[in-house]
Amino acid sequence: RYGTAVGRAVHGVLQVVDLATGDGLDDAARAQAMAEGVATRTEVVARLARAGVESAVGRAAAATEHWRELWVAAPLGDAGEFLIEGYVDLLYRADGDGLVIVDWKTDQVDGDDDVTAKLERYRLQGASYAAAVEAATGETVTSMVFVFLREDGATEAELPDLRAAIAEVRTRAAELARESDTADARL
């Protein structure tokens, strides 16, 4: 029942907290839990957000140029006739070339099989973010990482074969655009 509100509160904390130090985390958790109507879950929100700050990608982002809650939109399709948009939880510049996208998840995972199932479930979401970021910036996304936050830590899972997933998103966008053109022509 509280999962969605807790998740929104956690995202709100990770949007504003100092990623390098975690300073302000408890105050932000209290404020976000209150704003989402889950004040009795403040400690849960704080522990989940702390897991994000302490994750490897959280630490890596803190050490370089990064952006949080970044709205991204870009045209896709054969002629850019399909718009894809969304909010990227965390984007940072990777060591060397390219960008890394991080998506915080508060749904639970139990073991490797569950992580694999979640990656498949979120595959096109992550690839859509990557395709949109690449189209909007002209830069390459080298990694898309889902971070499953738990009260006792985080499980980080990189989307496998990101290039193939992005290609699938672009193909589907082109197909949707062609279907739309066909439907318009029949009207």
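A hairpin of two residues joins strand S4 to strand S5. Helices (H or I, at least four residues) and strands (E, at least two) are DSSP runs, numbered from the N terminus. The structure is a predicted model, in which local features need pLDDT of at least 70 and side-chain atom pairs count only at pLDDT 80 or more, while totals for chains, interfaces and linings use all residues. Residues are numbered from 1 along each chain as its sequence is written, and side-chain values use heavy atoms, with hydrogens and water left out.

Two strands are said to pair if DSSP finds at least two bridges between them. S4 is joined to S5 (residues 153–158) by six bridges, and these two strands run antiparallel. Within this pairing, Phe148 has Thr155 of S5 as its bridge partner.

S4 also pairs with strand S3 (residues 99–105); seven bridges join them, and they run parallel. Leu99 is one of the residues involved, with Val141 in S4 as its bridge partner. Together with helix H5 (residues 111–137), S3 and S4 make a right-handed β-α-β unit. A crossover is right-handed if, with the strands pointing away from the viewer, the path from the first strand over the helix to the second runs clockwise.

The interior can be considered next. In soluble globular proteins, nonpolar side chains tend to be buried together. A nonpolar core is defined as a set of buried Ala, Val, Leu, Ile, Met, Phe, Trp, Tyr and Cys residues joined through side-chain atoms within 4.5 Å. The largest nonpolar core has 31 residues, of which Val10, Val13, Leu14, Val45, Val102 and Leu149 touch the most other members. At least two residues of this core come from each of helix H1 (3–16), helix H2 (25–35), helix H3 (42–54), helix H4 (56–62), strand S2 (82–93), S3 and S4. H3 gives the most to this core, with seven residues. A second, separate core of 29 residues includes Val109, Leu119, Phe146 and Ala157.

Contact means heavy atoms within 4.5 Å. Leaving aside neighbours within four places in sequence, Val10 is in contact with Val45, Leu48, Ala49, Thr106 and Leu149. Gly58 lies in helix H4 and is buried, with a relative accessible area of 0%. With neighbours within four places in sequence again left aside, Gly58 is in contact with Leu19, Gly52, Val53 and Trp104. Gly58 and Val102 are 44 residues apart in sequence, and their C-alpha atoms are 8.7 Å apart in space.

Ser55 is placed in the loop between H3 and H4, and at 4% relative accessibility it counts as buried. Not counting residues up to four places away in sequence, Ser55 touches Trp104, Val147, Ala154 and Glu156. Thr42, found in helix H3, is buried as well, with a relative accessible area of 13%. Its contacts, with residues up to four places away in sequence not counted, are with Ala29, Arg30 and Ala33.

Glu69 has a positive phi of about 45° although it is not a glycine. This residue is in strand S1 (residues 66–76) and counts as partly exposed, at 24% relative accessibility. Asp161 is not a glycine either, and has a positive phi of about 50°. Asp161 is found in the loop between S5 and helix H6 (162–186) and is exposed, with a relative accessible area of 56%.

At 55% relative accessibility, Glu120 counts as exposed. The C-alpha atoms of Glu120 and Pro160 are separated by 9.4 Å, although these residues are 40 residues apart along the chain.

Lys105 lies over the face of Tyr122, at 3.8 Å from the ring centre. A charge sits over a ring if NZ of Lys or CZ of Arg is within 6 Å of the ring centre and within 35 degrees of the ring normal.

Technical notes. Buried < 20%, exposed > 50% of the residue type's maximum accessible area, 1.4 Å probe, protein only.
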